[in-house]
Amino acid sequence: MSNDILQAINFEVTEFQTLSYEQKIEKCLDALKLFGEGKHLLSVLGEMGIPVWEFTALRGTSDRLLDTYLKAKELKADILADEVVMVADTDLDPVRARVRIDARKWTAQVYNRAAYGEIYKVLKS
């Protein structure tokens, strides 16, 4: 990694760490809004200078942040489910389409197991 990248990372982390608790929560909520709109969470956190470890820690201390995170995950799962149909209808390469569909299905299952998870029935004999 180049020194410029390391300095940028250190600057962003230091800048975020200088914010008050409430400012950090608000910045994380802004990131979740973008995540709920369909962007990748890691990309959004990186662009906003929010360290992943600190986002995870803050999520455990704020009910508001946790609730918003859970709702954003459900919304993201719905977006991914919609994308499955779009990919199936538009991608001309069936192998590429299958990989894209499977990735979206798996992620939707992880984000919202109740709506998109597989159901297993155990039968008693």
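Predicted model: local features only at pLDDT ≥ 70, side-chain atom pairs only at ≥ 80, totals over all residues.
Me: How many helices and strands does the protein have?

Reply: Helices (H or I, at least four residues) and strands (E, at least two) are DSSP runs, numbered from the N terminus. By that rule the protein has seven helices and zero strands, and of its 125 residues 29% count as buried, where buried means under 20% relative accessible area, exposed over 50% and partly exposed in between (1.4 Å probe, protein chains only).

Me: What describes two helices that pack together?

Reply: Two packed helices are described by the angle between their axes and the distance between the axes. Axes are lines fitted to C-alpha atoms, for helices over the stretch in contact, and angles run from 0 to 180 degrees between N-to-C directions. Angles under 35 degrees count as roughly parallel, over 145 as roughly antiparallel, 65 to 115 as roughly perpendicular and the rest as oblique. Here the axes of α2 and α5 come within 8 Å and cross at roughly 10°, which makes α2 roughly parallel to α5.

Me: How do the residues of the contact of α2 with α5 divide by class?

Reply: Contact means heavy atoms within 4.5 Å. For the classes, Ala, Val, Leu, Ile, Met, Phe, Trp, Tyr, Cys and Pro count as nonpolar, Asp, Glu, Lys and Arg as charged, and the others, Gly among them, as polar. The contact of α2 with α5 has 10 nonpolar, two polar and four charged residues, including I25, L29 and F35 in α2 and L65, Y69 and I79 in α5.

Me: At what angle do α2 and α4 cross?

Reply: The axes of α2 and α4 come within 11 Å and cross at roughly 105°, and the two helices are therefore roughly perpendicular to each other. In this contact Y21, K24, I25, C28 and L32 in α2 meet E54, F55 and L58 in α4, and by class there are six nonpolar, no polar and two charged residues. In the loop between α4 and α5 lies S62, which is buried at a relative accessible area of 10% and, leaving aside its neighbours within four places in sequence, is in contact with Y21 and I25.

Me: How many aromatic pairs does the structure hold?

Reply: Rings of Phe, Tyr and Trp (its six-membered ring) pair if their centres lie within 6.5 Å; planes under 30 degrees apart count as stacked, over 60 as edge-to-face and the rest as tilted. The structure holds two such pairs. The rings of F35 and Y111 have centres 5.6 Å apart and planes at 85°, so that pair is edge-to-face. F35 lies in α2 and Y111 in α6, so the pair ties together parts that are 76 residues apart in sequence. F35 is buried at 1% relative accessible area, whereas Y111 is partly exposed at 23%.

Me: Where do the residues of the pair F55 and Y69 lie?

Reply: F55 and Y69 are edge-to-face, 6.0 Å centre to centre with 70° between the planes. F55 lies in α4 and Y69 in α5, so this pair ties together parts that are 14 residues apart in sequence.

Terms used: Residues numbered from 1 in each chain as written. Heavy atoms only, no water.
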